[in-house]
There are 4 protein chains.
Amino acid sequence: MSRARLEFFSDAVLAVAITMLALNIWVAGPGHGPLSSVLSHEWRPWVAYLISFFTIGVVWVNHHALVSNVRVVDRGLLFFNIVLLVFVVQIPVATRLLADYLSVGGPSARLAAVVYGATHEGMAVGYILMLEWILRDKQTQPPIPSRRRLTGRLKYYSAHVLYLTVIGCAFISPMLSLALSAVTDVYYVFKQTPLRPMRTAQRSDAAAPPPEGG
Amino acid sequence: MSRARLEFFSDAVLAVAITMLALNIWVAGPGHGPLSSVLSHEWRPWVAYLISFFTIGVVWVNHHALVSNVRVVDRGLLFFNIVLLVFVVQIPVATRLLADYLSVGGPSARLAAVVYGATHEGMAVGYILMLEWILRDKQTQPPIPSRRRLTGRLKYYSAHVLYLTVIGCAFISPMLSLALSAVTDVYYVFKQTPLRPMRTAQRSDAAAPPPEGG
Amino acid sequence: MSRARLEFFSDAVLAVAITMLALNIWVAGPGHGPLSSVLSHEWRPWVAYLISFFTIGVVWVNHHALVSNVRVVDRGLLFFNIVLLVFVVQIPVATRLLADYLSVGGPSARLAAVVYGATHEGMAVGYILMLEWILRDKQTQPPIPSRRRLTGRLKYYSAHVLYLTVIGCAFISPMLSLALSAVTDVYYVFKQTPLRPMRTAQRSDAAAPPPEGG
Amino acid sequence: MSRARLEFFSDAVLAVAITMLALNIWVAGPGHGPLSSVLSHEWRPWVAYLISFFTIGVVWVNHHALVSNVRVVDRGLLFFNIVLLVFVVQIPVATRLLADYLSVGGPSARLAAVVYGATHEGMAVGYILMLEWILRDKQTQPPIPSRRRLTGRLKYYSAHVLYLTVIGCAFISPMLSLALSAVTDVYYVFKQTPLRPMRTAQRSDAAAPPPEGG
């Protein structure tokens, strides 16, 4: 399988999942009182929608950055990619769960936040599996230099730690847990460590950005 | 990230969103009286479906026209692109809201029209953010000439003004607001200002139309 | 806009619409008696699903055959393409309507069959608009020879006549109308008239089939 | 039609279908008791989700492996491809049916497992139709050597036998039937026999894996 098809299928799944988030904010039709009071009760789904939209957006950007290093797409990589997608497709479900139960509060809200955090943690594990598979020398060409490996690992393992913290927070306050997720997204919007060896990849990719600081 | 993947992901999200519009016109099954009376009550969703379908169609055409100028796809552009998509994916939700509450009338219908207009305004803001980002010299190659910058800005900022008017109309008449949206779509179907420098881009794109009036 | 993006967006919309057909056959959960009796009452949605699946499949094949002739993708073609897609995305809605009301019978079933036929007729009109737009000399390169134009027109205008007949049949028997749709699909599975000038297109397309009978 | 468009459309349908699986695990909102008891009753949909996700993932990998041999995409191949997709799109429906009725038990659960198995069997038949069509000499270039034909046939016909066994098991125990499906997926994750002639294809595909054992 070529890398193009791996990217294409993953992008299509991400695009459907990100659009399915809108199913969460499907407002109830007439017969539930004035719309203004319906909407004022329904602000949580909109906030959760926004945060999850950027979460999947960040997954999309990082997926590309990770996969762009790959020279050989083998069975293992496809398998780990599907593991990642299993959790990505769960995001709309977990988002709705959290939005629904956030207004209820109590142990149900905490459990919903744990499921939400666990879905993110599942994505982080999927990424780490892909990363470690790709870091083996034979998957990339030319091999990724040690410094890049270190920064790449730091980045993905720190997401792992972050999402474990999100799960931990869920037991204290579901709202804090959601806020921490949002902060994580913002962090990833501004920071990204592509693994690709600095100069070589640029030449073969006309649309690549100019080398950052080098 | 290459421009191709940016276009691909955006197109896929637009394609899912445009198809999700059909969920709005899902007619109730048997048990609600004869179909003829069900359909005659349900004409509003079909009109709203048609208008929103062309709205997203116009977004698709303009997105391509805007992005085709880009040489360097950087983090900022991806971020603003996701801002645009957040509002595009809201279109099916806002359309259903408007179709549902239009028949109710009163303050709820007006509020639904405001939400509908605000979603469009959000898209206009997303476009303007992308436009201004792209207009900085380093994003395009060759640089876009001043005259083109002016016409491009005129076009996107006028959409901004138009949608603010749509929101304003919503407070007077939701139906007028919807009609104005439709007129805006028709306007954009016939008018488009690609930013790309006239001659140069043609050469590199075999499928490009012949220069208009030049 | 390049032809590739036109094809891509249309394909994505078709893919989502064809998959949304499955939402029509979503079987009711436990609590409605034994599954065997639920399924034996629900055979109509499955038949309608099958027929509409092949309808959209045929649309996909013909869309490609038609568009593959185009050299210049202009605003008019995009507009007519969106007209076609408006009706394609209606297919899942009209299919469910027909499946739901077929078991009711009477005037509601006939009306549902008319809506179903009208959706197909809308697609035929969309195709004819695209065809006539493409047949103007400046849209294709090299120009399509007269004999090909005639067979192309015959094909698309005969679909127009067929679907008007489907609508007519709807007033007599909704089931006959559905059966005629199915026959139309089978006909188009086996017959297709690409417009493309015979030899020239082959050279530029490595995956093209060998010339038929030439 | 080029092979690229066949792959693209199939991938898009698979991507939407795999994401629609998530609709099966849409957890009920507040008002059904504490979330912990709701989730503990709802574990079956999650298991079924996981298994079906990998089923469609495997279909995707195998579809590519099969189609990558094709030189000539003709009408027959497109038709058989649509037959395959008809059953793939049924997977989310059949999965939900099984998940819903598994907790009920009795003849309804057995029937749901038969429908689930029959959907898989339908996919196997679609694959075999495509395989036999492709194995005719004129569809591939260079012709596939006899040994490869044999291993290819063995693989696809054994799936056929496996899924008939899944259907048979359904009459004894629906849970056993689901477990056997899961085992089949795992088997296909680790084993795949691309038909492509060993050396030749490698040269034309820069991202191809190094020859296995040769």
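**Charged pairs and contacts**

Colleague: How accessible is R136(B)?

Modeller: R136(B) counts as partly exposed, with a relative accessibility of 30%. The scale, with a 1.4 Å probe and protein chains only, is: buried under 20% relative accessible area, exposed over 50%, partly exposed in between. Bear in mind that this is a predicted model, where local features need pLDDT of at least 70, side-chain atom pairs count only at pLDDT 80 or more, and totals for chains, interfaces and linings use all residues. Residues are numbered from 1 along each chain as its sequence is written, chains are lettered from A and ligands numbered from 1 in the order written, and side-chain values use heavy atoms, with hydrogens and water left out.

Colleague: Which residue forms a salt bridge with R136(B)?

Modeller: D74(B) does, with the closest N and O atoms 3.8 Å apart. A salt bridge here is a side-chain nitrogen of Lys or Arg within 4 Å of a carboxyl oxygen of Asp or Glu. 

Colleague: Is D74(B) buried or exposed?

Modeller: D74(B) is buried, at 19% relative accessible area.

Colleague: How many salt bridges are there over all chains?

Modeller: The structure holds 24. Side chains of opposite charge can pair when their charged atoms come close.

Colleague: New topic, the D and A interface. How many salt bridges cross it?

Modeller: The rule finds two between chain D and chain A. One is E7(D) with R5(A), at 3.7 Å, N to O. D11(D) also pairs with R5(A), at 2.1 Å, N to O. That pair joins two chains, because D11(D) lies in helix α1 of chain D and R5(A) in helix α1 (residues 3–20) of chain A.

Colleague: Buried or exposed, those two?

Modeller: D11(D) is buried, with 1% relative accessible area. R5(A) is buried too, at 5%.

Colleague: What area is buried between chain D and chain A?

Modeller: About 3500 Å², with carbon and sulfur atoms giving 74% of it. On the chain D side, W26(D), L35(D) and W60(D) supply 22% of the area buried against chain A, more than any other three residues. Buried area is the accessible area (1.4 Å probe) that two parts lose on being put together, summed over both.

Colleague: How many residues does each chain put into the contact?

Modeller: Chain D gives 41 and chain A gives 37. Contact means heavy atoms within 4.5 Å.

Colleague: How are chain D and chain A related?

Modeller: A rotation of 90° with 0.0 Å of shift along its axis superposes chain D on chain A, RMSD 0.0 Å. That is the relation of a four-fold axis. The copies use different surfaces, as 10% of the contact residues of chain D recur in chain A. The superposition is by least squares on C-alpha atoms of residues with pLDDT of at least 70 in both copies.

Colleague: Back to charges. Which residue pairs with E7(C)?

Modeller: R5(D), with the closest N and O atoms 3.7 Å apart. E7(C) is in helix α1 (residues 3–20) of chain C and R5(D) in helix α1 of chain D, so this pair joins two chains. E7(C) counts as buried at 9%, and R5(D) is buried at 6%.

Colleague: Which residues are linked with R5(B) in a salt-bridge network?

Modeller: R3(A), E7(A) and D11(A) share that network with R5(B).

Colleague: Last one, T119(C). Where is it found?

Modeller: T119(C) is in helix α5 (residues 106–135) of chain C. T119(C) is buried, at 6%. Leaving aside neighbours within four places in sequence, T119(C) is in contact with F87(C), Q90(C), I91(C) and A94(C).

How values were computed: Helices (H or I, at least four residues) and strands (E, at least two) are DSSP runs, numbered from the N terminus.
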